[in-house]
Amino acid sequence: MAGSSGLGLHIDHTHLPTLERLEPTPVSYAVSSDEFKNLPREWSLDIPARSQASFSSCVGGGLSGCFEHSNMLETGEFIRRSMWQAYISSQRMCGMVGRDNGATLQGALKAANEIGVCRNDLCPMPNSYTTNIPQAALDDAAKHRHSEVTWDARPWLKAVDWATDRKPILIGGLWTDRHSGLNKNNPIEKPSIYSGSSLGYHCRYVCGFIFINDKLHLKVRNTHGDDFGLHGVSYIPEETWAVLCRDPNFVALVFGDTEEIEPKRKSWKESKAGDTC
């Protein structure tokens with residue numbers, strides 16, 4: 001039951017205000033039609049799948065995944081980041097620490113900005129819920145923080161703009177019992193998947209893109225192990241993204257750089273180590 005194990009995105013009174021304050025992606029950032037035609041047919045970074053097991057730690061999984069992706073994009077080196085430290089730090093920032101009952105989006109954003117995310121070896125996944133984070137882990141996390149600048153990537157074309165520039169997109173949306181049917185032979189999230197019974201809200205991140213029958217799909221990395229989707233990744237086409245966007249609680253955001261007021265697209269001629277296009 002890979003698709004129905006731990007979730008953990010908590011929706012509360014802070015969720016909508018957090019979404020409303022996100023800055024829109026600059027219009028000038030859009031991918032040009034010529035560039036779109038020249039994109040590789042598939043791209044993502046070679047990042048191993050991971051599992052949150054039965055914990056409600058998906059927020060930590062999505063947040064640490066964005067850190068892993070961003071670091072590998074810039075350096076070409078994969079460094080596993082701590083899902084657990086990201087989860088507990090997000091809980092602390094939203095006042096939910098003490099029980100394994102998930103975390104909020106606002107908590108994740110504050111944790112990314114104020115605490116950061118450490119290496120996984122300094123704070124690995126525990127066997128049972130614990131709030132104990134070693135000081136060495138917190139010291140390392142402080143060296144790896146995101147700025148508080150975020151961009152709203154909910155509109156499909158903006159999500160495509162960011163994904164085709166290799167940037168990770170943290171997303172949170174509804175999760176149903178039909179997600180458990182996604183596997184290597186069936187990794188595409190069709191709109192009908194959201195007609196299933198709701199299991200709550202789940203956090204994951206867009207990690208790349210793939211063209212299937214000349215149609216762009218976003219690659220989304222999950223935290224339900226290697227057996228979910230294709231090595232932990234499912235594919236979302238435009239029509240399914242539209243279904244997600246009908247939910248007012250759906251979120252898709254990109255962490256920005258304070259010095260990158262208007263992001264500049266990187267040339268696809270510049271390849272980085274770890275690319276799997």
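Biologist: What should I know about the model first?
Modeller: The model is predicted, so local features need pLDDT of at least 70 and side-chain atom pairs 80 or more, while totals for chains, interfaces and linings use all residues. Residues are numbered from 1 along each chain as its sequence is written, and side-chain values use heavy atoms, without hydrogens and water.

Biologist: Which residues of α5 are buried?
Modeller: Leu-105, Gly-107, Ala-108, Leu-109, Ala-111 and Ala-112. Buried means under 20% relative accessible area, exposed over 50%, partly exposed in between (1.4 Å probe, protein chains only). Helix α5 covers residues 105-114; helices are DSSP runs of H or I, at least four residues, numbered from the N terminus.

Biologist: How do α4 and α5 cross?
Modeller: Their axes come within 7 Å and cross at roughly 110°. Axes are lines fitted to C-alpha atoms over the stretch in contact, with angles from 0 to 180 degrees between N-to-C directions. That makes α4 and α5 roughly perpendicular, a label for 65 to 115 degrees.

Biologist: New topic. How many aromatic pairs are there?
Modeller: Nine. Rings of Phe, Tyr and Trp (its six-membered ring) pair if their centres lie within 6.5 Å; planes under 30 degrees apart are stacked, over 60 edge-to-face, the rest tilted. Trp-84 and Tyr-129 are edge-to-face, 5.8 Å centre to centre with 70° between the planes.

Biologist: Where do Trp-84 and Tyr-129 sit?
Modeller: Trp-84 is in α4, and Tyr-129 is in the loop between α5 and α6, 45 residues apart.

Biologist: Buried or exposed, Trp-84?
Modeller: Trp-84 is buried at 1% relative accessible area. Tyr-129 is partly exposed at 23%.

Definitions and conventions:
Helices (H or I, at least four residues) and strands (E, at least two) are DSSP runs, numbered from the N terminus. Angles under 35 degrees count as roughly parallel, over 145 as roughly antiparallel, 65 to 115 as roughly perpendicular and the rest as oblique.
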